[in-house]
Amino acid sequence: MALTATSFTWREHVTVQRANGKELAALSPVGYPGARALTEHVRVPQLPMRPTVLEAQNDLPESTNDGCISDFDNVGVINCSYGDLTATRTIALAGGSHAEHWITALDVLGKIHHFKVVTYLKMGCPLTTETMPLVMGDNRPYPKCHQWNERVMAKLIADHPNFVFTTSTRPWNIKPGDVMPATYIGIWRTLSDNNIPILAMRDTPWLVRDGKPFFPTDCLAKGGDAVSCGIKRSQVLSPAIRPWTSWVNSR
């Protein structure tokens, strides 16, 4: 009975830890060096993949768990704060879920370097001057993204953060690789005209196979590996970001 009770208690502990991300956040940097394997050539031990295929589905950014990103139907601007909440310097994290990808890193860096991170996020909606944005993946019209952009830009200008952190590229719709859309330039110009500097990050690759979104976790769950469940860099990232005028001329 004691062993059974201990087993259930431990399983419940693991479940809670995984649910709130603490277990993954506490992984040993020796066993799981992450990006240091590339930047510092740190050896990567042969250990089980983390998060596992079971954990990955719930490995969500804190802002999603906190309800701090507007869904597809919501045109309201939701602000939540992370990093050093007492800091006088502020970075606004603005755009869609691909901008949201960076909240975990920014939260940690904010606490270390004493800046606050305030979110301005909407699902599937980057900062853009596009009057009729499309939903990435199925190209459905997304008018509420435009409505949200008008609201969020007004609020960003009024709030006047020290920086705006957002994505700077988007996948080509007509060929492999990524590009800097012309409709991003107007956003940056407006921010610059209001003396708000921009931290523009190249977009996280959108994984697509046969014209449909591709989920590596499903592939790995079926026994695939890093090669069979991956996509070639050349398919998602251009050798160099082409000038935005090239994107305009191709439309």
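These notebook entries record what I looked up in the structure, from the whole chain down to single residues.

**Ground rules**

I am working with a predicted model, in which local features need pLDDT of at least 70 and side-chain atom pairs count only at pLDDT 80 or more, while totals for chains, interfaces and linings use all residues. Residues are numbered from 1 along each chain as its sequence is written, and side-chain values use heavy atoms, with hydrogens and water left out.

**Entry 1: the whole chain**

I began with the secondary structure and found twelve helices and nine strands in the protein chain; these are DSSP runs numbered from the N terminus, helices being H or I with at least four residues and strands E with at least two. Of the 251 residues, 33% count as buried, where buried means under 20% relative accessible area, exposed means over 50%, and partly exposed lies in between, with a 1.4 Å probe and protein chains only. The chain exposes about 15,100 Å², of which carbon and sulfur atoms supply 58%; accessible areas come from the Shrake-Rupley method with a 1.4 Å probe, and for residues only the protein chains shown count as cover. I also looked at contacts (heavy atoms within 4.5 Å): among those in the protein chain with a separation of 6 or more, 70% are between residues 24 or more positions apart.

**Entry 2: the sheet**

I then traced an open sheet of five strands, whose order is β1-β3-β2-β4-β7 and whose pairing is mixed; two strands pair if DSSP finds at least two bridges between them. Its edge strands are β1 (81-83) and β7 (198-201), each of which pairs on one side only. From one strand to the next, the twist averages 25 degrees, with axes taken as lines fitted to C-alpha atoms, for helices over the stretch in contact, and angles running from 0 to 180 degrees between N-to-C directions.

Two helices pack on this sheet. Helix α7 (residues 103-113) touches β1, β2, β3 and β4 (163-167), and its direction makes about 65 degrees with that of β1. Helix α8 (residues 143-159) touches β2, β3 and β4, and its direction makes about 155 degrees with that of β3.

**Entry 3: strand β2**

Is β2 largely enclosed or largely open? I found it largely enclosed by the rest of the structure, because six of its six residues are buried. Thr90, Ala92 and Ala94 point one way from the strand, Ile91, Leu93 and Gly95 point the other way, and all are buried.

Strand β2 (residues 90-95) runs parallel to β3 (residues 116-121), and six bridges join them. On that side I noted Ala92 opposite Val118 and Leu93 with Thr119 as its bridge partner. With β4, strand β2 pairs in the parallel sense over three bridges, and Ile91 stands opposite Phe163 there.

**Entry 4: salt bridges**

A search of the whole structure finds six salt bridges, each being a side-chain nitrogen of Lys or Arg within 4 Å of a carboxyl oxygen of Asp or Glu.

Asp73 counts as exposed at 58% relative accessibility, while Lys144 counts as partly exposed at 31%.

Lys155 is partly exposed at 29% relative accessibility, and Asp159 is partly exposed at 36%.

**Entry 5: Met132**

Where does Met132 lie? I placed Met132 in the loop between β3 and α8, where its 39% relative accessibility makes it partly exposed. Leaving aside neighbours within four places in sequence, Met132 is in contact with Pro141, Tyr142 and Pro143. The C-alpha atoms of Met132 and Pro143 are separated by 5.6 Å, although the two residues are eleven apart along the chain.
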